[in-house]
Amino acid sequence: MNSIQKNLKSLYFVSSVFLLLILVLVFLILHKYAYNYEKSKVIQATTIELQKNVTQFSIDFFETNQQKDSITEDHFKEQFRVMASKIDQNISKPLGVENAIIVIKNLNNNKIEFSNGSNEITDKYSAPISCAFISPVSGKLTHYICYYDIPNFKYLILGHLQLAMSFTITLIILLIVVFVFIIRRWISGVKESKLKDDFFQNITHELKTPIATTSIATDIFKKFNYELPSEKIKTYINIIVDENRKMKQIVDDLLTISVVENGKSKMINGEVNIHDLLNKTLKNFQFVVEERGGKLISELNATQSVVVGDSSYINMIFTNLIDNAIKYSKDAPIINITTSSNQYGISIGVKDNGIGIPSDALNKIFHKTYRIKNNHDVKGFGLGLYFVKQLVDVHHGEINVKSTLNNGTEFIVFLPFGKK
Ligand code: ADP
């Protein structure tokens with residue numbers, strides 16, 4: 001990983017953590033405000049309702065007791081119980097509260113007149129309401145306080161906020177996803193342009209060497225007026241052929257880049273006879289392979305060899321695979337090209353006896369610019385197989401690889417026949 005990639009990764013990490021912290025903070029603040037707002041709303045509603053009930057009760061209480069000659073303690077208690085059950089009915093039910101605690105206390109003598117729960121009054125009670133009504137016993141104004149408590153008040157409020165909270169959490173998750181997506185796109189854009197810069201720098205450098213070498217070789221011919229021992233002529237011609245092949249590869253890579261970048265839009269579909277195409281391509285490689293003392297063996301056994309596709313794209317697939325088979329063979333390359341077909345399509349195998357690919361690299365070799373650096377000193381850009389994969393993909397095909405280190409590699413391309 002180079003320093004730019006490292007910097008981008010840490011920038012990505014820091015900004016993600018930062019955003020996450022900000023979002024969590026915003027969520028907590030919003031949640032606190034929403035909680036307090038909802039709490040005061042419930043208390044206010046409860047208070048109003050309680051006040052209404054108590055006032056009504058006070059009137060009823062007074063009117064009922066006016067007609068009574070003597071009021072017993074039990075009768076008195078019964079009236080408070082009726083009031084409590086009315087409060088429960090009018091407040092607890094609409095709020096969805098179960099087991100609300102209602103306590104009525106006489107403030108004149110500090111006596112608890114009614115309680116449906118504990119007789120202890122704590123300041124945690126959520127809706128204490130003070131109210132006054134005339135005592136039926138003394139006929140004087142007596143102050144009572146009515147306490148109303150919702151057990152698990154916090155959970156009740158949280159329950160009310162559930163919908164808003166789920167909405168906020170979804171929004172936050174959505175924001176994070178969008179952020180990650182944008183940052184990833186941005187980072188991959190930066191990486192891409194860095195790759196392009198590196199690529200063109202390398203290409204310029206790589207082109208300079210063969211141009212210089214071939215011009216030295218041709219200068220020597222001129223210098224000696226084309227009269228050189230046949231051994232030397234052979235050596236210089238080999239150098240020129242070799243360097244020319246390198247330049248061709250670079251130009252091919254450049255062409256393929258534009259093809260792959262333009263994708264399917266530039267594809268010219270037609271009927272392509274794979275066997276004819278292979279025979280032509282193999283002829284072009286015959287010379288190079290024989291020069292290295294190797295062999296190109298073809299066993300084209302497919303019974304159906306016509307597919308629908310772009311012949312120049314398919315040609316690039318074969319050229320890249322055969323070129324690699326030659327490049328990555330240390331000794332005389334023995335390259336087997338085979339075909340077979342089934343009802344769906346044709347399989348083309350390109351097998352060499354070269355250096356092989358370590359098993360842990362097999363799933364990476366199709367990645368853009370990936371190269372195995374420690375088992376060969378062949379120069380390249382790591383683009384060939386990436387292009388091959390892209391070109392196979394635009395034909396809805398498949399590519400697989402089998403390899404044994406130091407023994408050889410086989411690439412198998414499957415191309416569906418397609419619609420004719
Ligand atoms: P390049 O040849 O420019 O490095 P490729 O994408 O064609 O780019 O190949 C990626 C890597 O896969 C090469 O660096 C090489 O290590 C490995 N490779 C590809 N083809 C073969 C092969 N036939 N035998 C051994 N290794 C191969």
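This is a predicted model: local features need pLDDT of at least 70, side-chain atom pairs count only at pLDDT 80 or more; totals for chains, interfaces and linings use all residues.

Me: Why is Phe 221 called buried?

Reply: Buried means under 20% relative accessible area, exposed over 50%, and partly exposed in between (1.4 Å probe, protein chains only). Phe 221 has 11%, so it is buried. Tyr 236 has 18%, so it is buried too. Across the protein, buried residues make up 37% of the 420 residues.

Me: Which helices and strands does the protein have, and how many?

Reply: There are seven helices and 11 strands. Helices (H or I, at least four residues) and strands (E, at least two) are DSSP runs, numbered from the N terminus.

Me: How many aromatic pairs does a search of the whole structure find?

Reply: The search finds three. One of them joins Phe 221 and Tyr 236, with 6.1 Å centre to centre and 75 degrees between the planes. This pair links distant parts of the chain: Phe 221 is in helix H3, Tyr 236 in helix H4, 15 residues apart.

Me: Why is the pair of Phe 221 and Tyr 236 called edge-to-face?

Reply: Rings of Phe, Tyr and Trp (its six-membered ring) pair if their centres lie within 6.5 Å; planes under 30 degrees apart count as stacked, over 60 as edge-to-face and the rest as tilted. The centres are 6.1 Å apart and the planes make 75 degrees, so the rings pair and the pair is edge-to-face.

Me: What makes Phe 366 and Phe 411 an edge-to-face pair?

Reply: Their ring centres are 6.3 Å apart and their planes are at 85 degrees, so the pair is edge-to-face. Phe 366 sits in the loop between strand S9 (345–351) and H7, Phe 411 in strand S11, 45 residues apart. Both Phe 366 and Phe 411 are buried.

Me: How do you know that H7 is mostly covered?

Reply: Eight of its 11 residues are buried. Among them are Gly 384, Leu 385, Tyr 386 and Phe 387. Just after H7, His 396 takes a positive phi of about 60 degrees.

Me: Is His 396 buried or exposed?

Reply: His 396 has a relative accessible area of 61%, over the 50% limit, so it is exposed. His 396 lies in the loop between H7 and strand S10 (398–404).

Me: Why is Asn 406 called exposed?

Reply: Asn 406 has a relative accessible area of 65%, which is over 50%, so it is exposed. Asn 406 is in the loop between S10 and S11. Its phi is positive, about 65 degrees, although it is not a glycine.

Me: Which helix gives the most to the lining of the largest pocket?

Reply: H4 does, with nine residues. The lining has 20 nonpolar, 14 polar and 15 charged residues. Ala, Val, Leu, Ile, Met, Phe, Trp, Tyr, Cys and Pro count as nonpolar, Asp, Glu, Lys and Arg as charged, and the others, Gly among them, as polar.

Methods
Residues are numbered from 1 along each chain as its sequence is written. Side-chain values use heavy atoms; hydrogens and water are left out.
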